[in-house]
Amino acid sequence: MAASSVAVSELLHNMNKQISVLYPKAACVIRRISTPSSRCDSQLQLRAKSAPQQLVGVVGLEVHAQINSKTKLFSGSPVGFSAPPNCLVSPFDASLPGTLPVLNKRCVEAAVMTGLALNCTINKKSLFDRKHYFYADLPAGYQITQLRRPIAVDGMLTYSLLGGKKRSQVIRKTVTIKQIQLEQDSGKSLHDDLRSQTLIDLNRAGVGLMELVMEPDMSCGEEAAAAVRELQLILQALGTCHANMSEGQLRVDANVSVHKPGEPLGIRTEVKNINSVRYLARAIDYEIQRQTEVLQRGGTVQNETRAYDSKSGETIPMRDKEGLQDYRFMPEPNLPPVIVYEDNASLPTGIDACQAVVVQKIRAGLPELPSVKRDRLVQTYGILPEHGFTLVNEDGLVEYFEAVLKATKKEPRKVIGWVTNELVGRLKQQDMSVSQSPISPSALAELLELQESGHISSSVAKQVFQEMWRSSGKTASQIIQEQDLGLVSDATQLHNICQKVVDSHPDEVHAIRNGNKKVLNKLMGLVQKETKGRADPVLVRAILQEKTS
């Protein structure tokens with residue numbers, strides 16, 4: 001059997017050699033036949049190699065961020081979401097003959113600002129190219145983008161995620177930004193299944209995009225999601241992109257492969273157009289698991305484009321990538337090189353500084369970035385790093401927290417617990433944003449002041465918080481008065497309740513008198529149960545200590 005396999009292999013090798021001589025440009029049409037014995041050998045080798053080492057995921061991202069600009073990249077058409085179809089289209093957007101592109105300065109400045117925030121090198125000279133492909137929603141038959149020399153290169157994004165046993169430890173990681181390039185968006189195809197037709201909406205055609213290409217420095221969906229969330233926060237802080245993924249302002253393509261550490265990277269698949277951070281994490285983790293199972297069965301991962309189905313939680317194949325696509329890149333003949341200047345001193349004579357893109361001016365206008373804001377919150381208020389992480393990552397939560405602090409004398413460390421646990425916990429349960437909270441910062445501050453001043457206990461404060469959430473508009477004082485939740489401070493009444501608890505729990509009293517002071521907490525809990533959490537804890541402890549001494 002082995003001898004016949006060798007003979008077949010030699011015959012195929014000779015045939016291939018003859019074909020390559022006769023047809024040097026032809027692809028190899030005869031493939032090596034895998035005999036049963038050779039398949040078994042390869043599977044055994046795979047098992048032997050995979051035994052000591054597990055396959056690990058490798059993830060790289062391509063992020064398309066829609067530039068926050070009033071007009072499109074190369075035309076004066078306005079940019080707007082959910083406008084009636086084809087009402088925001090100029091002759092250039094529709095690729096009518098004789099129209100020419102005019103570069104939008106705002107888009108260039110936005111790309112430079114984003115590059116500076118991500119520690120990129122800004123190319124003082126960048127070029128535009130035509131990328132040819134034929135889709136119904138791309139009227140010109142090509143996209144204007146940057147291949148040879150993009151606007152920014154060699155950056156770094158630092159992001160954080162929670163880890164450790166209790167997921168309370170902030171872990172910082174970095175991912176390399178290969179490049180940021182300017183390009184125009186395509187239109188949108190609307191498929192009408194009932195009439196079996198496809199309609200084209202060109203409102204989005206020509207909208208300015210920044211494509212951020214991240215190196216494959218991540219290993220799982222959680223890391224990729226954390227990196228994209230950090231990028232989202234940076235773009236929103238800069239104002240260069242609203243980064244609303246539900247409106248398509250931030251779209252992510254994930255390149256996923258698996259390999260054994262120390263060995264070459266595996267064959268990758270691309271998961272296209274993911275429009276949610278949560279779905280991004282799920283799609284990547286599913287794809288890593290799928291590829292791992294394929295290889296463990298002895299199969300081969302296909303180089304293909306896939307889509308994520310949020311209903312099934314799976315990625316599904318769209319098209320293969322076996323043939324290298326020929327985009328026939330060529331320099332864009334209708335656009336000169338984009339020139340940016342380091343400072344006003346470097347401007348050539350006769351150029352108006354207001355018309356030029358000046359890096360120094362843009363750098364001076366950079367706002368406080370999320371990482372700096374986290375550090376400031378930790379240092380200013382003495383909160384834990386994980387609290388700073390939560391505050392910054394939830395849109396509007398920093399402003400909410402600081403508004404509560406201004407309206408109460410309670411220490412920041414006590415306020416942060418209410419904000420990150422009670423408030424954020426409720427918001428996540430009901431899938432709400434901070435701006436939708438039924439409890440305003442001033443209302444929460446009033447509740448905390450009542451607790452701090454001793455009008456209510458901590459357990460009652462949480463009870464009142466829940467009632468405020470359900471009864472939007474009612475203040476803490478109104479709820480406390482209506483439900484008679486104020487602290488019981490009458491000494492005679494508390495003495496009677498404490499005496500009742502002491503008399504009915506002789507074993508606990510005996511343990512306290514023998515030196516086990518911790519048991520006193522149990523008796524305090526029983527008193528609070530009797531008073532529905534309304535007893536003054538300081539007074540109760542003093543009375544119980546007296547009665548059990």
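Predicted model: local features only at pLDDT ≥ 70, side-chain atom pairs only at ≥ 80, totals over all residues.
Across the protein the mean pLDDT is 86, and 89% of the residues reach 70 or more.

An open sheet is formed by 3 strands, which lie in the order 5-4-15 with antiparallel pairing. Its edges are strand 5, residues 142–145, and strand 15, residues 330–331, each of which pairs on one side only. Strand 4, which covers residues 129–132, pairs with strand 5 in the antiparallel sense over 4 bridges, and if you look along this pairing you will find Lys-131 opposite Gln-143 of strand 5.

Elsewhere in the chain, strand 8 (residues 188–192) and strand 9 (residues 197–201) run antiparallel and are joined by 5 bridges, with Asp-192 standing opposite Gln-197 in strand 9. How many residues lie between strand 8 and strand 9 in their hairpin? There are 4, and in the turn Ser-196 has a positive phi of about 55 degrees.

Now to the helices. Two packed helices are described by the angle between their axes and the distance between the axes. Helix 16, residues 519–530, packs against helix 17, residues 537–548, at an angle of about 125 degrees, and their axes are 10 Å apart. Angles from 65 to 115 degrees count as roughly perpendicular and those over 145 as roughly antiparallel, and helix 16 and helix 17 are therefore oblique to each other. Their crossing is right-handed. Among the residues making the contact are Leu-520, Leu-523 and Val-527 of helix 16, together with Val-540, Arg-541 and Leu-544 of helix 17; by class, the contact residues divide into 7 nonpolar, 4 polar and 1 charged.

The last pair is helix 10, residues 412–429, and helix 12, residues 458–470, whose axes come within 12 Å and cross at roughly 35 degrees. Helix 10 passes helix 12 in a right-handed crossing. The contact includes Trp-418, Glu-422 and Arg-426 of helix 10, along with Lys-462, Phe-465 and Trp-469 of helix 12, and its residues comprise 6 nonpolar, 1 polar and 3 charged.

Methods
Residues numbered from 1 in each chain as written. Heavy atoms only, no water. Pairing = 2+ DSSP bridges. Helix = DSSP H or I, 4+ residues; strand = E, 2+ residues; numbered from the N terminus. Axes fitted to C-alpha atoms, helices over the stretch in contact; angles between N-to-C directions. Parallel < 35°, antiparallel > 145°, perpendicular 65-115°, else oblique. Left-handed = near helix turned anticlockwise from the far one by under 90°. Contact = heavy atoms within 4.5 Å. Nonpolar A, V, L, I, M, F, W, Y, C, P; charged D, E, K, R; others polar. pLDDT = per-residue confidence, 0-100.
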